[in-house]
Amino acid sequence: MPIWNAEYETMSRDALAELQLRRLQSTVAWVYERVPHYRDALDARGVRPKDIKSLDDVRLLPTTDKSALRDTYPFGMFAVPLEQVVRVHSSSGTTGKPIVVGYTRGDLNTWTELTARVASLAGITEHDRVQMAFLYGMFTGGWGMHYGIERVGATVFPAGSGNTERQLMMMQDFGTTALVCTPSYALYIAEVAEQHGIDMRSLPLRLGLFGGEPSGEGMRAEIQERLGILATDNYGLSEVMGPGVSGECERQDGLHMAEDHFLFEVVDPLTGEALPDGEEGELLITTLTKEAFPVLRYRTHDLTVIDRTACACGRTSARMRKVRARTDDMLIIRGVNVFPSQIEDALLSIEGVEPHYLIVVDRKGALDTLEVRIEVAGNMFSDVMADMVAFSKRVADQVQSVVGLSAKITLVEPGTIERTAGKARHVIDQRPMG
Ligand code: DLL
């Protein structure tokens, strides 16, 4: 497969480091002059832009948390006047005001370049017909991927998310070869196709570019099998740009990171200490070329591992492991730390458990309770009570062995757990606060 921008994607590590340092120095000078929050934070540490003499000096810089973005809502972190901002997006948090981000014309050009890379990494070419089933709107997923795919030269169908029957009709009638959406929506599309007796494997669909939420290998296998495609994962976040930060190549062995535009660090989420390559920690991202909304050492809360070994695809970029958990989605249940992704992995390792599940945490008296609601594949359903009890027990044992907690397993009718055209919600924590 051709490499979209071979000059940058196959750059020697030395040349890359030189480029990154130059860009880091300009970014620090840029924000110091233009964004009061950064000037204050740098002053408080006694750091001036000229103190950045090597890439390791990034550690002199303050980290940036979502709270800084909230406190300066909506435009206080912008480094250019609104006259130079040609687009605004936002990310809806679960509560309160959204995070608002802006782009200059130059930023949009960079963004398009980087989502073109993601599309190319996944195998999209001008011969593809790409159905965009991400939400278009304030969410960065739709517009971000849209322009990159157009730049590659593929034919884009900007379907937007939802209206699954119409999505299927387009896939059949337009000969869609690639689908772009969240992994949960891909699975839902597969399910609706099955309900309508549409054999997805006989359609021209061959690629899936999925991102915006975590998905494990179990989920990938399920989607690949049911849609008859090669599924790749891509990652990004609004605060840093949106999609385009990293994406898998066809080898599906880590997400290639756009290191010429971002500086990536992995740190211990508790101490902030830098961690060596190969160790899991929180990903921090510093933008190197953003004009309107640069960020210094943004705390993504996403947990990953960086691998700088060369990939067989020929690109020299470092790769990050699939993000399976966030520092802030860890549940503490009866004192045990549990990530929802661990429960997902336990569930999907059992044949007959559908990838639709809901983790419900509650408190009875002083005791935390853990319930996992799962759907069971139609052909696994049995009228014999004893069979179903044995099945539930098998699932409970698996959860117990993976997370070390006993869980109540509730089997629910297929189709009853809420489906989504966007990001899936897998956890309900009903415990009282405090
Ligand atoms: O979800 C940007 C995006 C859109 C990326 C489409 C890829 C495709 P936000 O809504 O700001 O932006 O959410 C960002 O979503 O910090 C991660 O926790 C999570 N996330 C995004 N992509 C992945 C992924 C977009 N591939 C937050 N794997 C991030 C795991 C992901 N988590």
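This is a predicted model: local features need pLDDT of at least 70, side-chain atom pairs count only at pLDDT 80 or more; totals for chains, interfaces and linings use all residues.

Mentor: Residues are numbered from 1 along each chain as its sequence is written, and side-chain values use heavy atoms, with hydrogens and water left out.

Trainee: How far apart do the C-alpha centres of domain 1 and domain 2 lie?

Mentor: The domain assignment gives domain 1 as 1-326 and domain 2 as 330-429; such bounds come from an automatic or database assignment. Between the C-alpha centres of these two domains the separation is 30 Å.

Trainee: How much area do domain 1 and domain 2 bury between them?

Mentor: Contact means heavy atoms within 4.5 Å, and 22 residues from domain 1 and 16 residues from domain 2 take part in it. Buried area is the accessible area (1.4 Å probe) that two parts lose on being put together, summed over both. Of the area buried here, 54% is on carbon and sulfur atoms, and the value is about 1,400 Å².

Trainee: Which residues in domain 1 lose the most area to domain 2?

Mentor: Together, the residues in question account for 29% of what the domain 1 side buries. They are E191, M219 and R324.

Trainee: With which residue does E191 form a salt bridge?

Mentor: A salt bridge is a side-chain nitrogen of Lys or Arg within 4 Å of a carboxyl oxygen of Asp or Glu. The count between domain 1 and domain 2 is 4 salt bridges. For E191, the closest N and O atoms of the pair are 2.6 Å apart, and the partner is R419.

Trainee: Which other residue forms a salt bridge with R419?

Mentor: R419 lies in the loop between β20 (408-412) and β21 (427-429), and its partner is in strand β19 (residues 367-376), 44 residues apart; helices (H or I, at least four residues) and strands (E, at least two) are DSSP runs, numbered from the N terminus. Both residues are buried, a term for under 20% relative accessible area, with exposed meaning over 50% and partly exposed in between (1.4 Å probe, protein chains only). The closest N and O atoms are 2.7 Å apart, and the partner is E375.

Trainee: Is Q131 buried or exposed?

Mentor: Q131 belongs to strand β3 (residues 129-132). Leaving aside residues up to four places away in sequence, Q131 touches several others, among them F157, M170 and V180. With a relative accessibility of 0%, Q131 counts as buried.

Trainee: What relative accessibility does V86 have?

Mentor: V86 is placed in the loop between α4 (66-71) and β1 (87-91). Apart from neighbours within four places in sequence, V86 is in contact with Y103, T104, R105 and L108. V86 counts as partly exposed because its relative accessibility is 37%.
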